[in-house]
Amino acid sequence: MKALRTALKYLFITVAWLGLWWGISAAVGNEVILPSPIEVFLRAGELAVLPKFWLSIAFSFVRVIFGVVCATVASILLAATAFKWRTVYDIIKPVATVIKATPVVSFIFIAFIIFRNNFDALPAFISGLIVFPVMYESIHASLKATPTELIEVSQVFGCTFYERVRYLWVPSVLPNFITSSKTSIGLAWKSGIAAEALVAIPTLISIGTEVSEAKRWLETLDQFVWTLTVIILSLLSELLFSFIAKKITDKIL
């Protein structure tokens with residue numbers, strides 16, 4: 001019964017927003033400026049039968065997720081190292097601060113020069129770069145917040161490295177790690193697609209390339225379709241991560 005109420009609530013919210021969208025579109029009365037939901041969904045159906053539509057989704061998905069995975073691994077290793085050695089923390093802190101403060105577009109243009117012979121790697125690099133400081137700082141803060149008493153107890157009882165990781169560090173880090181990961185996935189999709197769109201190489205099969213082409217030819221319907229596609233992919237990525245995180249949590253804790 002609770003699941004049904006939740007489903008009905010989200011259905012009502014979705015219908016309400018679609019109704020608002022339709023109302024504003026009808027008031028504007030110009031498809032180029034703001035197409036209606038019906039027009040967008042019909043265009044989505046037309047694009048969905050094209051192989052390139054699914055290839056673009058697949059390639060972009062692989063690039064973004066690969067960037068997130070690499071950034072996550074790097075964040076875990078560097079956060080653990082920085083927690084153990086203060087000097088490492090002092091070295092990494094300004095780097096993380098610069099990454100957070102610098103506009104994504106600046107990194108994209110720099111990466112465009114670096115990856116001029118391998119543009120496939122550029123979106124993955126940008127996605128991982130933007131995700132890294134969020135993940136790193138979350139993990140490091142969680143490690144620092146671990147009660148000193150628990151660390152001392154693990155030392156007194158002679159716990160092995162594996163036991164400390166599983167029963168001390170992982171439970172301390174996991175809650176914040178899951179939260180920051182969900183935020184990071186959204187950032188990764190936004191930055192990754194932006195990188196693809198700004199590069200806009202015809203040979204680069206990607207969502208970003210399609211977005212750039214739609215902008216070039218003022219195809220507002222296609223812009224909306226691809227934007228909704230990215231939103232859906234981001235939500236699905238978060239759901240997939242939540243599912244995996246829950247399985248890991250149930251197994252470890």
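Mentor: What follows is a run through the labels, each set against its definition.

Mentor: Ground rules before we start: this is a predicted model, where local features need pLDDT of at least 70, side-chain atom pairs count only at pLDDT 80 or more, and totals for chains, interfaces and linings use all residues. Residues are numbered from 1 along each chain as its sequence is written, and side-chain values use heavy atoms, with hydrogens and water left out.

Trainee: How do you know that the length of helix α4 agrees with its number of residues?

Mentor: The expected span is 1.5 Å times one less than the number of residues. Helix α4 (residues 86-101) has 16 residues, so it should span 22 Å, and its end C-alpha atoms are 23 Å apart, which agrees.

Trainee: Where does α4 bend?

Mentor: At I92, by about 25°, and a proline, P94, follows within four residues. The bend is the angle between axes fitted to the seven residues ending at a position and the seven starting there.

Trainee: Which residues of α4 are buried, and what do they pack against?

Mentor: Y89, I92, A96 and I99 are the buried ones. They pack against α3 (51-84), α5 (104-114) and α6 (121-144). I92, then, is where α4 bends and is also one of its buried residues.

Trainee: Why is S191 called buried?

Mentor: Buried means under 20% relative accessible area, exposed over 50%, and partly exposed in between, using a 1.4 Å probe and protein chains only. S191 comes in at 4%, so it counts as buried. S191 is in helix α8 (residues 161-199). Its contacts, leaving aside neighbours within four places in sequence, are V104, I108, I126, S127 and I130; contact means heavy atoms within 4.5 Å.

Trainee: Why are I38 and I113 called exposed?

Mentor: I38, in helix α2, has 53% relative accessibility, so it counts as exposed. I113, in helix α5, counts as exposed because its value is 55%. Across the protein chain, 36% of the 253 residues count as buried.

Trainee: What makes a set of residues a nonpolar core?

Mentor: The members are buried Ala, Val, Leu, Ile, Met, Phe, Trp, Tyr and Cys residues joined through side-chain atoms within 4.5 Å. The largest core here has 50 residues, and L122, I126, Y136, F177, W189, I207 and W226 touch the most other members. Helix α8 gives the most to this core, with eleven residues. As for F177, it touches T72, M135, S138, I139 and F241, not counting residues up to four places away in sequence.

Trainee: Why is the pair of F132 and Y136 called stacked?

Mentor: Rings of Phe, Tyr and Trp (its six-membered ring) pair if their centres lie within 6.5 Å; planes under 30 degrees apart count as stacked, over 60 as edge-to-face and the rest as tilted. A search of the whole structure finds eight such pairs. F132 and Y136 are 5.5 Å centre to centre with 20° between the planes, hence stacked.

Trainee: Why are F132 and Y136 about one helical turn apart?

Mentor: Because they are four residues apart in helix α6. An α-helix has 3.6 residues a turn, so residues three or four places apart point the same way. Both F132 and Y136 are buried.

How values were computed:
Helices (H or I, at least four residues) and strands (E, at least two) are DSSP runs, numbered from the N terminus.
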